[in-house]
Amino acid sequence: MRSSLRAVTAGLAALAVLTLAGCGSDDAGGSSGGGDKLDVVVSFYPLEFIAKSVGGDAVNVTTLTAPGVEPHDLELTPKQVGSIAEAKLVIFEKSLQPAVDEAVAQNAKDKSFDVSSAAQLEDTGANFEEHEEGEGHADESTTPSVTPASFSEDALDPHFWLDPVRYAAVVQAVTDKLVEVDSAHADGYKERAQTLIGEVNKLDGEFKTGLADCKLKTFVTSHEAFAYLAKRYGLQMVGIAGFTPDAEPTPQRIKEVQDIVRKQHVTTIFYEELVSPKVAESIARDVGVKTAVLSPIEGLSDANSKETWLTLMQENLAELKKANSCA
């Protein structure tokens with residue numbers, strides 16, 4: 001159903017591009033009318049934060065995923081496809097948002113930048129698919145940072161931005177691309193990137209120190225967005241759902257999570273801002289533990305609209321330390 005809707009949406013949007021492009025500005029700055037500023041389109045918030053932090057006043061940044069929208073399910077309007085067609089640079093992560101992939105392939109193939117390579121994505125085993133009782137399960141010994149049900153072995157985990165080391169690598173790659181596209185502002189891009197990378201590296205150090213001595217190594221989340229973080233800092237993630245945060249877990253998966261919570265004395269079931277917490281709250285009630293927010297930072301909401309990637313990561317660290325009794 002989602003695939004067919006995406007196809008229809010992409011088709012209609014593509015037809016609208018010619019009309020929208022014809023109405024656009026002919027200025028060097030692109031469709032936003034920003035004079036000599038570079039017109040940049042980004043697919044979702046973690047890339048928006050990089051583009052704005054590094055670009056500064058040399059860029060106009062348009063974000064395709066609006067606040068409050070779950071990025072995995074994004075569908076583009078014709079106007080958004082038009083912004084992709086008119087942009088000087090489109091920054092996205094391939095395979096995370098199929099609608100964006102389609103629009104980029106049709107309208108911005110030669111002026112787009114896919115950050116996947118810089119992020120060095122891996123198959124973490126976190127993209128499990130729900131299976132009924134009696135079907136095979138993944139060998140957990142092969143994925144020590146994740147406790148999934150059965151998973152798709154060829155699926156790369158897209159959630160690089162929750163690992164500060166990978167995020168810093170993407171910051172550098174985006175900076176290099178901005179310098180390539182807009183060499184006139186290269187010094188500013190490099191200077192701002194150095195500042196941001198310094199802040200990200202500092203955050204990495206805070207995570208290493210903060211999670212180095214925890215009584216509990218396991219944490220439970222609404223969906224499996226934190227495998228890179230768990231692997232980086234020696235923790236084990238248990239997801240109620242796989243990569244798709246609004247997927248309904250099977251009764252079998254819920255029982256598996258409950259058993260893990262009881263056996264390992266997990267204190268907290270984490271949920272997120274952009275998806276209903278009802279499943280996490282139900283499991284927490286059944287096993288008598290607390291709930292709290294652990295943000296996958298896929299997008300901002302009304303509740304955290306004044307936060308940034310850095311502040312949300314710091315809040316995540318504080319929540320993990322509390323839930324896992326870290327010294």
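Gln80 counts as buried in this predicted model, because its relative accessibility is 18% and the cut-off for burial is under 20%. The residue lies in helix H3. Beyond residues up to four places away in sequence, Gln80 touches Leu64 and Glu75. Its side chain also reaches the backbone nitrogen of Thr77, at 2.9 Å.

Pro67 lies in the loop that runs between strand E2 (59-63) and helix H3 (78-86). Pro67 counts as exposed, because its relative accessibility of 64% is over the 50% cut-off.

Strand E2 belongs to an open sheet. The sheet has 4 strands in the order E2-E1-E3-E4, and the pairing is parallel. E2 and strand E4 (112-114) form its edges, each pairing on one side only. On average, neighbouring strands of the sheet are turned by 20° against each other, direction ignored. Strand E3 (residues 89-92) runs parallel to E4 and is joined to it by 3 bridges. Within this pairing, Ile91 stands opposite Phe113 of E4.

His159 is located in the loop between helix H5 (116-119) and helix H6 (164-181). His159 is buried, because its relative accessible area is 0%, against a cut-off of under 20%. Residues up to four places away in sequence aside, His159 touches His72, His223, Glu224, Ala225, Tyr228, Phe243 and Glu298. With Glu298 there is a polar contact, side chain to side chain, at 3.2 Å.

A search of the whole structure returns 1 disulfide. The link joins Cys214 to Cys326, with an S to S distance of 2.0 Å. Distant parts of the chain are linked in this way, the two cysteines being 112 residues apart. Cys214 sits in the loop between helix H7 (186-210) and strand E5 (218-223). Cys326 sits in the segment after helix H11 (309-323). The link of Cys214 and Cys326 is right-handed, with 100° about the S-S bond. Both Cys214 and Cys326 are buried.

The protein chain as a whole has 11 helices and 8 strands. It comprises 327 residues, of which 53% count as buried. Gln80, at 18% relative accessibility, and His159, at 0%, are among the buried residues described here. Among contacts between residues at least 6 apart in sequence, 66% join residues at least 24 apart. The chain exposes about 14,600 Å². Carbon and sulfur atoms supply 51% of that area.

Terms used:
Residues are numbered from 1 along each chain as its sequence is written. This is a predicted model: local features need pLDDT of at least 70, side-chain atom pairs count only at pLDDT 80 or more; totals for chains, interfaces and linings use all residues. Side-chain values use heavy atoms; hydrogens and water are left out. Buried means under 20% relative accessible area, exposed over 50%, partly exposed in between (1.4 Å probe, protein chains only). Two strands pair if DSSP finds at least two bridges between them. Axes are lines fitted to C-alpha atoms, for helices over the stretch in contact, and angles run from 0 to 180 degrees between N-to-C directions. A disulfide is a pair of cysteine sulfur atoms within 2.5 Å. Contact means heavy atoms within 4.5 Å. Accessible areas come from the Shrake-Rupley method with a 1.4 Å probe; for residues, only the protein chains shown count as cover. A polar contact is a pair of N or O atoms within 3.5 Å; within protein, one must be able to donate a hydrogen and the other to accept it, and residues adjacent in sequence count only if both atoms are side-chain atoms.
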